[in-house]
Amino acid sequence: MATALPSYAELQCVSHYAFLHGSSAPEQLVQRAAGLGYHALAIADECTVAGVVKAHLAAKEVGLKLLIGSQMMVTPEDGTPPFSLLILAMNKNGYDNLCELITVARRRANKGEYLVRPRDIAAPPPDLAALRGMPDCQLILLPRYGVAIEVIERQAAWLLQCAAGRVRIALFLHFRSFDQEHRDIVAAVGAQVDMPLVATGDVHAREIGEATAGHDDRDPPRRAGRAVRISPGVERRTAPAIPGQAWQSLSTRGA
């Protein structure tokens, strides 16, 4: 007898408002998630909430719970590697804090860019004291694929100091070469610092076929298209392989 799948909420999804990253409209993502039976969907474009209005209207129509958030690169001032953070608003106050952080990050950078510093969250200036620890928000560390465990440990420890009780570490796998190693590292860090793991899809598109930009060339067997040389001057085209990012779409449960 088949076991019923538990409820699933996709927490890491970008729309086409994340320029050069997402390829689907917010309302399309909402409709797709509802059709697949998702419990909820978070629209979390990079350092913007531009897509949430359309997503909200679509979610009301289809009866899907919508979570509002944003993912952003945090750049330390000490020269250590930048890291990605997903921030999800828990209520209106959390949404206000998220919007204020986005404004701060955008205003200090050139148009079309942003700059988030760890101190914006850990120790903001007095006029931005409300952002300390990002109250009423969930903070999820998004470990980079292939990064050493020591680096992720430092990032996780910093995050715990900022917002203990409201932090998670994400695990997303897309059939790449070192998935097992990445899974082991993330699980080990989570266990060491007592940070719960959450599964995310790092979704960039509504469905396979739309996720075409920016695929991961670190996994050559998944590059789109392949030519096999049979003899000098003669090549045979094989069926295109699915780019790594094509897996980053809203998928049927159990797929």
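The chain exposes about 13200 Å², and 55% of that comes from carbon and sulfur atoms. I keep in mind that this is a predicted model.

**Entry 1. The whole chain.** I read off six helices and nine strands. The chain has 255 residues, and 45% of them are buried. I then turned to the contacts with a separation of 6 or more. Of these, 70% join residues 24 or more positions apart.

**Entry 2. The sheet.** I traced an open sheet of seven strands. Its order is β1-β2-β3-β4-β5-β6-β7, and the pairing is mixed. Which strands stand at the edges? I found β1 (9–13) and β7 (197–199) there. Each has a single partner strand, so one side of each is left without a neighbour in the sheet. From one strand to the next, the twist averages 30 degrees.

**Entry 3. Pairing, strand by strand.** I went through the pairs from β1 onward. I remind myself that strands of a sheet pair through backbone hydrogen bonds, either parallel or antiparallel.
- β1 runs parallel to β2 (residues 40–43), with three bridges between them. C13 has I43 of β2 as its bridge partner.
- β2 and β3 are also parallel, joined by four bridges. Here A40 is bridged to K65 in β3.
- β3 and β4 run antiparallel, and six bridges join them. V74 finds its bridge partner in F83 of β4.

Entry 4. Helix α5 lies across β4, β5 and β6. I noted an angle of about 175 degrees between α5 and β5.

**Entry 5. Helix α5.** This helix takes in residues 149–163, 15 residues in total. From first C-alpha to last I get 21 Å, close to the 21 Å expected at 1.5 Å a residue. Which of its residues are buried? My list reads V151, I152, Q155, A156, W158, L159, C162 and A163. After α5 comes G165, with a positive phi near 95 degrees.

**Entry 6. Helix α1.** I put α1 (residues 26–35) through the same check. P26, L29, V30 and A33 are buried. These residues sit on the same side of α1, because they cover an arc of only 100 degrees around the axis. What do they pack against? I found β1, β2, α2 (52–62) and β3. G37 follows α1, and its phi is positive, near 85 degrees.

**Recap.** I have an open seven-strand sheet with mixed pairing. The buried residues of α1 pack against strands β1, β2 and β3, and against helix α2.

Notes: Residues numbered from 1 in each chain as written. Predicted model: local features only at pLDDT ≥ 70, side-chain atom pairs only at ≥ 80, totals over all residues. Heavy atoms only, no water. Helix = DSSP H or I, 4+ residues; strand = E, 2+ residues; numbered from the N terminus. Buried < 20%, exposed > 50% of the residue type's maximum accessible area, 1.4 Å probe, protein only. Contact = heavy atoms within 4.5 Å. Areas by Shrake-Rupley, 256 points an atom, 1.4 Å probe, with all protein chains shown as cover. Expected span 1.5 Å × (residues − 1). Pairing = 2+ DSSP bridges. Axes fitted to C-alpha atoms, helices over the stretch in contact; angles between N-to-C directions. Arc of directions from axis to C-beta.
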